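Biologist: Please pick one part of this model and take me through it slowly, from the inside out. I'd like to know what sits next to what, with the cut-offs spelled out as you go.

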Amino acid sequence: MTHHVPRVRRIAVAMAAAGLLVATTAACSMGPTTKDEVCDRYDSLGDRLGIGQVFGNPVFSAAGDLADVADRYEGPEDLSTDAERLESIADSDSTSELELSEATRNVAVLCGHQLGSGSFSPPG
């Protein structure tokens, strides 16, 4: 039986290390976000828009992703209202481009363009 003790200990250590890795990775995704991260998610949501009523998991998943990064944004702009509205949309089963645009007003200001129009840099 003494031969199994070191093996059990190695397995326990390996499991603890794996748990620590998962906890560390999760903590990183829960930290503050940058303007670039918010705008990337904003553009990703805009890329999923169609005409009229919007249905389907990709839109709601993208709205939820944007809600998450907007809620964790710690810049000078307050995106908490947008995050709340987007979370509500992400939990629904239908929305419209107008509703999404209204829910992302502060994000649009931060990113410098309206939802679905992509980033624009004037020629310089």
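**The disulfide and the helices**

Modeller: Cys39 and Cys111 are both buried, where buried means under 20% relative accessible area, exposed means over 50% and partly exposed is in between (1.4 Å probe, protein chains only). Before going on, a word on the source: this is a predicted model, in which local features need pLDDT of at least 70 and side-chain atom pairs count only at pLDDT 80 or more, while totals for chains, interfaces and linings use all residues. Residues are numbered from 1 along each chain as its sequence is written, and side-chain values use heavy atoms, with hydrogens and water left out.

Back to those two cysteines. They are joined by a disulfide, with 2.1 Å from S to S; the term covers a pair of cysteine sulfur atoms within 2.5 Å. The structure holds 1 disulfide. The angle about the S-S bond is -105 degrees, which makes the link of Cys39 and Cys111 left-handed. Cys39 lies in helix 2 and Cys111 in helix 6, so the bond ties together parts that are 72 residues apart in sequence.

The protein chain has 6 helices and 2 strands, and read from the N terminus the order is α-α-β-α-α-β-α-α. Helices (H or I, at least four residues) and strands (E, at least two) are DSSP runs, numbered from the N terminus. Of the 124 residues, 29% count as buried. Among contacts (heavy atoms within 4.5 Å) between residues at least 6 apart in sequence, 70% join residues at least 24 apart.

Now for the nonpolar core, meaning a set of buried Ala, Val, Leu, Ile, Met, Phe, Trp, Tyr and Cys residues joined through side-chain atoms within 4.5 Å. The largest one has 25 residues, and Val38, Leu45, Leu66 and Leu86 have the most contacts inside it. At least two residues come from each of helix 2 (35-47), helix 3, helix 4 (80-90), helix 5 (97-103) and helix 6 (105-111). Helix 3 gives the most to this core, with 8 residues. Take Leu86 as a way in: leaving aside neighbours within four places in sequence, Leu86 is in contact with Leu45, Ala63, Leu66, Ala67, Leu100, Ala103 and Thr104.

Helix 3 deserves a look of its own. It has 16 residues and reaches 23 Å from its first C-alpha to its last, close to the 22 Å expected at 1.5 Å a residue; the expected span is 1.5 Å times one less than the number of residues. Its buried residues are Val59, Phe60, Ala62, Ala63, Gly64, Leu66, Ala67, Val69, Ala70 and Arg72. The side chain of Arg72 makes a polar contact of 2.9 Å with the side chain of Asp68. A polar contact is a pair of N or O atoms within 3.5 Å; within protein, one must be able to donate a hydrogen and the other to accept it, and residues adjacent in sequence count only if both atoms are side-chain atoms.

Asp68 is also found in helix 3, and with a relative accessible area of 33% it is partly exposed. Along the chain, Asp68 and Thr33 are 35 residues apart, yet their C-alpha atoms are 9.3 Å apart in space.

Across in helix 4 there is Glu87, partly exposed at a relative accessible area of 37%. Not counting residues up to four places away in sequence, Glu87 touches Gly64 and Ala67. From Glu87 to Ala103 is 16 residues in sequence and 9.6 Å in space, C-alpha to C-alpha.

In the loop between helix 3 and helix 4 sits Asp78, which counts as exposed because its relative accessibility is 53%. Its side chain makes a polar contact with that of Ser80 at 2.8 Å, and the C-alpha atoms of Asp78 and Leu110, 32 residues apart along the chain, are separated by 9.5 Å. Strand 2 (residues 95-96) holds Thr95, buried at 2% relative accessibility, and the side chains of Thr95 and Glu99 make a polar contact of 2.4 Å.
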